[in-house]
Amino acid sequence: MAAPPPFGVGRARPQDRMDHWIAAVAPGRTFLDLGGIRERSGNERASWAQRCGAADVAMADLLPLDHELWEHFREQTRLHGVRDIDFRPEVDVDAAGFGAKLGRYDIVSAPLLLYHAPNPVHTLLNLRRVVGEYLIAGTVVVPDEVENAEGRVAFPESSALFLPALRGRERAVMRRYYLDRFGLDLDTHAPESDGATMPYVTKGAPSPWPYWWFFTKSAFERALELLEMRILDRHTWQDHAHFVFLRRK
């Protein structure tokens, strides 16, 4: 068995604030990691929840079980001796039967979904159906303002940036910002043309792969208020990703 890595599957120490949240509440509770196989399992939470004493742990994702991201996760669990994680493929958080298909888990981690959701409020309300007690939610956020050689764009506190509409000077400013700071190309993840690698609509339905919405931190937390849950803690990474730890009232 390989030595525990500092990040990802099989880690022996917390890698960030979210891992500390999980460690505080996982013992004896059921745990669902929704979307944790993305980014080649670099931000998965299932193996950490199991290490922290969760009673029953599942990994769920929209992708079919034969997808290479599932295979990578399986390989990593084998490599690091992680066993007894329930694999739940082809789970669509926006589907009408989402809650009935999964059932409830005491703790749900879903920090990588909302910016891919065409209808984020619907996604949040559907997500609440599977939360027994605690939820870790997150999304990509925009800073208060962005200024660079392309110009300046400001975002009031109540803003949500609808990326399919991003054009002209605003697009140039934001594209330069994400390229310079994170090496992320909006032309790939938030395409402007119909012939894009990740189009917004496929087979007449909205696609879950491109970036749809970036919220301000304030707007994201106001959206979370619709879940009628209490915010316990929050964490922002480089003014780019905002994570919130919530508990049912």
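Tryptophan 237 counts as partly exposed, at 40% relative accessibility (buried is under 20% relative accessible area, exposed over 50%, partly exposed in between, with a 1.4 Å probe and protein chains only). The model is predicted: local features need pLDDT of at least 70 and side-chain atom pairs count only at pLDDT 80 or more, while totals for chains, interfaces and linings use all residues. Residues are numbered from 1 along each chain as its sequence is written, and side-chain values use heavy atoms, leaving out hydrogens and water.

The structure holds 15 aromatic pairs (ring centres of Phe, Tyr and Trp, the last by its six-membered ring, within 6.5 Å; planes under 30 degrees apart are stacked, over 60 edge-to-face, the rest tilted). In one of them, the ring centres of tryptophan 70 and phenylalanine 87 lie 5.3 Å apart with the planes at 40°, so this pair is tilted. Tryptophan 70 belongs to helix α3 (residues 68–79) and phenylalanine 87 to strand β3 (residues 85–88), so the contact ties together parts 17 residues apart in sequence. Helices (H or I, at least four residues) and strands (E, at least two) are DSSP runs numbered from the N terminus.

A further pair is formed by phenylalanine 182 and tryptophan 237, whose ring centres are 5.9 Å apart and whose planes meet at 35°, so this pair is also tilted. The pair links distant parts of the chain, since phenylalanine 182 lies in helix α6 (residues 168–182) and tryptophan 237 in strand β12, 55 residues apart. Both residues of this pair belong to one aromatic cluster, together with Tyr115, Tyr177, Tyr178, Tyr211 and Phe214.

The accessibility of the paired residues is set out below.

| Residue | Relative accessible area | Class |
|---|---|---|
| Tryptophan 70 | 0% | buried |
| Phenylalanine 87 | 23% | partly exposed |
| Phenylalanine 182 | 21% | partly exposed |
| Tryptophan 237 | 40% | partly exposed |

Leucine 226 counts as partly exposed, at 48% relative accessibility.

Elsewhere, strand β6 (residues 145–148) runs antiparallel to strand β7 (residues 151–154), and four bridges join the two (strands pair if DSSP finds at least two bridges between them). A hairpin of two residues connects β6 to β7. Asparagine 148 has glycine 151, in β7, as its bridge partner.
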